[in-house]
Amino acid sequence: MKNIDSRTHTRGESVYLDDVPLIQGTLFGASFGSPIANGHITSLDLSEAEKIPGVVRILTYKDITGQNQIGGIIPDEPLLAEHHVDFCGMPVAFVVAETYEAAHAAVKKIKVEIDPLPIITDPRDAHALGQLIVPPRTHRLGDTEAAWQSCEYIFEGLAETNGQEHLYIETQGAYAIPQENNALKIYSSTQSPRATQAATCKVLGVAMHQVEVDVIRLGGGFGGKEDQANAWAALCALAAHILKKPVKYALDRMEDMAMTGKRHPYSSDFKIGLDKHFKILAYEVQFYQNAGAAADLSPAVLERTLFHCTNTYFIPNVHAVAYSCKTNLPPNTAFRGFGGPQGMFVIEAAIVKAAENLGVDASVIQQINLNKTGDEFPYGQKAVSEAHACWDKAMDRFNIESVIKETHYFNSTNKLYKKGIAMMPICFGISFTNTMMNQGRALVHVYTDGSVSVSTGAVEMGQGVNTKMLQVAAYVFGIDADKVKLQSTSTSRVANTSPSAASATADLNGKAVFMACTEIANRLKQVAADEMHIPIASITLKDNHIHVSDQKHEMTWERLIMSAFFKRVSLSEHAHYATPEIHYDKLKEKGHPFAYHVYGTAITQVTIDCLRGTYQVDAVKVVHDFGVSMNPLIDRGQIEGGIVQGIGWMTLEELIYDKEGKLKSNALSTYKVPDIYSVPKVLEIDFLETTADNLAIFRSKAVGEPPLMYGIGAYFALRNAIKAFNPDAHIPLSAPMTPEKTLMALYSKPLKPDQEKNEETTSSLEVNQR
Ligand code: MTE
Ligand code: HPA
Ligand code: MOS
């Protein structure tokens, strides 16, 4: 089945926040962000700004009617700065005006004086000063100290990954409309209607039943709107609440890039030990997460870094410590993979470092250490592993031996172009790591004409979840898809929802839709059974008819609905699903946090132009564990998109803050994202059907985030291509591998042993400043 949004998307008819028709009298907001990354506000002068014609009101923290607090996990983030700012772009004042232009003109006239304080942008500096968001977390398995004794080879190093701008096509925004008796309706581009509602109510000081948050769809979220949509909704709501007028604020691209948090940059130290057969015996790692100036979702992201720090490998002795470091950058936030990719990059870097020193291909070490069913992850859960199945199928299906041969042949016959290949196996845990969040709900109505309305807690952001929800309802009722409509995601229809995140949206809400529809279907079958005096067990719903003992009966779906209505049988149902079996003890750092894991293996091939340092990704070929895909078209799209987004993070996208904490890569002219030319020339996706898991909806495993991590393969493929040109090249394990860094690496000299330790800390920022 096609994505139900394809038609309106391609015709430009799909409705996003900016397409919601405006009510007469609507005012427009714009926020004034701090120009300084750390300091005390000594004066704020609004007088010139207030003189701009059309300006209605300029709000500061003093106008907040409830609490000046939007921190999700930790209450450490004011909505509007009071006496102190701690990142560039931190909202200080909110202008409300009759036009968009007046609001933005007024922002430019606001004057602020700030007594500057030292600015920290590097997580290791923050760590050295003891500036941590939360106490460190530690995952342990076995005993690394003892295990080093048995290791034949031990390697240490440093690995870094930079942040990533979400670049959802639709920027952040909200539109708040006052209702009677101080109530509010808010249209918001949020992944988490409940969080947006709760944050707004806290800021306004009103009860949650006073505020409805309604989400039609998002033009992408990628995690960037899991927590960070709340501020804009709260600002609009505050202004609407005070002025009793509708207020809209949709950020322009540069505001959005400057003011919102991104994927967390990480800097990490690793130590890896192997026996003489290349079995990894021990792994130690310290992660320094650049959290930015407030907690946001950083503690949860940090946790997932630990959960994925051994990727898909079984390592019997692990000691992993993670620090969430407070810096003067905008608070970093969820981004597809949620800290998992950062953890996985480091173990892959450690394996590559070992492989290069041992003179073997990294894939040899990777393959030997893939986990098997029954192997324990450092957090205590036992694997139900598809790692070997995916790996073996990928090597076989894509004829790896001939790919390697071709690559060698190409490299031996070409001087100025070199190819590199890399394998990237993945293993990603499905469930919110915070067990409590694993719940979903649905509200299903069947109308008297037989048409069906489905509301869930799921937010459609391009990932196709609404199509999947529709498929569930149509399947259970045995009716055509066009009889089912997915409604917007409203807190008044489905309450207390978890964010659409963690790739779990279709599982959680799909199970709830299944339960609600099954409940209604059972009532309907009873109606039919009573009417025909036959046992209910002989009745099924299929092809818009009832079937009796698998024979199509003349009674249509519509007739059955009317019969039920006349008999006063309820045609509505609300259902609640909570993932069973999962649990986690944060004190012991052990448990069973994930409903299941998703596996896969990608083979990436790249070609570098060794004169220019430019490159192309020739091919990414993947065997991916889909379970039983509910919608191969949508799932293929998720894999393709995830891979390209992952390649972007690993190769082109270079986020640069200067030492003053100012974003330099603040527009699409200075921040390069993958385009049609940079996507892999060949992208093959092979479906590994696995049927083991019934915690996924219809056994279709979650697909949203895992493919992003295939992109890590592009980084290591580039590294191999550089080594083919210059075997002694010194290449810091620091992503992204931009064309500039590739060029420098191609012509780099090997390090002298005494330089090794220092040189490795060269960050992408320093490289760039050089
Ligand atoms: N795909 C599109 N087109 N747009 C998005 O914003 N977000 C990703 C992924 N795929 C995203 C996307 C992220 S970060 C997550 S967690 C999942 O989709 C969320 O949706 P799901 O739970 O339905 O997979
Ligand atoms: N994944 C994504 N988003 C989240 C999670 C998670 O595990 N926990 C809280 N928000
Ligand atoms: Mo996705 S980072 O869990 O929104």
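I started at Thr433, where a backbone N or O atom sits 3.1 Å from an oxygen atom of ligand 2. I call that a polar contact, meaning a pair of N or O atoms within 3.5 Å; within protein, one must be able to donate a hydrogen and the other to accept it, and residues adjacent in sequence count only if both atoms are side-chain atoms. Ligand 2 taken alone exposes 260 Å², and the protein buries 98% of that. Such accessible areas come from the Shrake-Rupley method with a 1.4 Å probe, and for residues only the protein chains shown count as cover.

Ground rules for my notes: this is a predicted model, where local features need pLDDT of at least 70, side-chain atom pairs count only at pLDDT 80 or more, and totals for chains, interfaces and linings use all residues. Residues are numbered from 1 along each chain as its sequence is written, chains are lettered from A and ligands numbered from 1 in the order in which they are written, and side-chain values use heavy atoms, with hydrogens and water left out.

**Ligand 2, continued**

I looked up what else touches ligand 2. An N or O atom in the side chain of Glu226 is 2.6 Å from a nitrogen atom of ligand 2, and one in the side chain of Arg304 is 3.1 Å from an oxygen atom of ligand 2. Around ligand 2 I also found Phe338, Phe432, Met437, Ala501 and Ala502, among others; to be listed, a residue needs a heavy atom within 4 Å. I sorted that shell into 5 nonpolar, 1 polar and 2 charged residues. Here Ala, Val, Leu, Ile, Met, Phe, Trp, Tyr, Cys and Pro count as nonpolar, Asp, Glu, Lys and Arg as charged, and the others, Gly among them, as polar.

**Ligand 1**

Next I checked ligand 1, which has 16 residues around it, the closest being Gly221, Phe222, Met461, Thr505 and Gln638. Its shell holds 5 nonpolar, 9 polar and 2 charged residues. A backbone N or O atom of Gly221 is 2.7 Å from an oxygen atom of ligand 1. The side chain of Gln638 has an N or O atom 2.7 Å from a nitrogen atom of ligand 1. Taken alone, ligand 1 exposes 520 Å², of which the protein buries 92%.

**Asp585**

Last, I looked at Asp585 and found it partly exposed, at 27% relative accessible area; buried means under 20%, exposed over 50%, and partly exposed in between (1.4 Å probe, protein chains only). Its C-alpha atom is 36 Å from that of Lys393, 192 residues apart along the chain.
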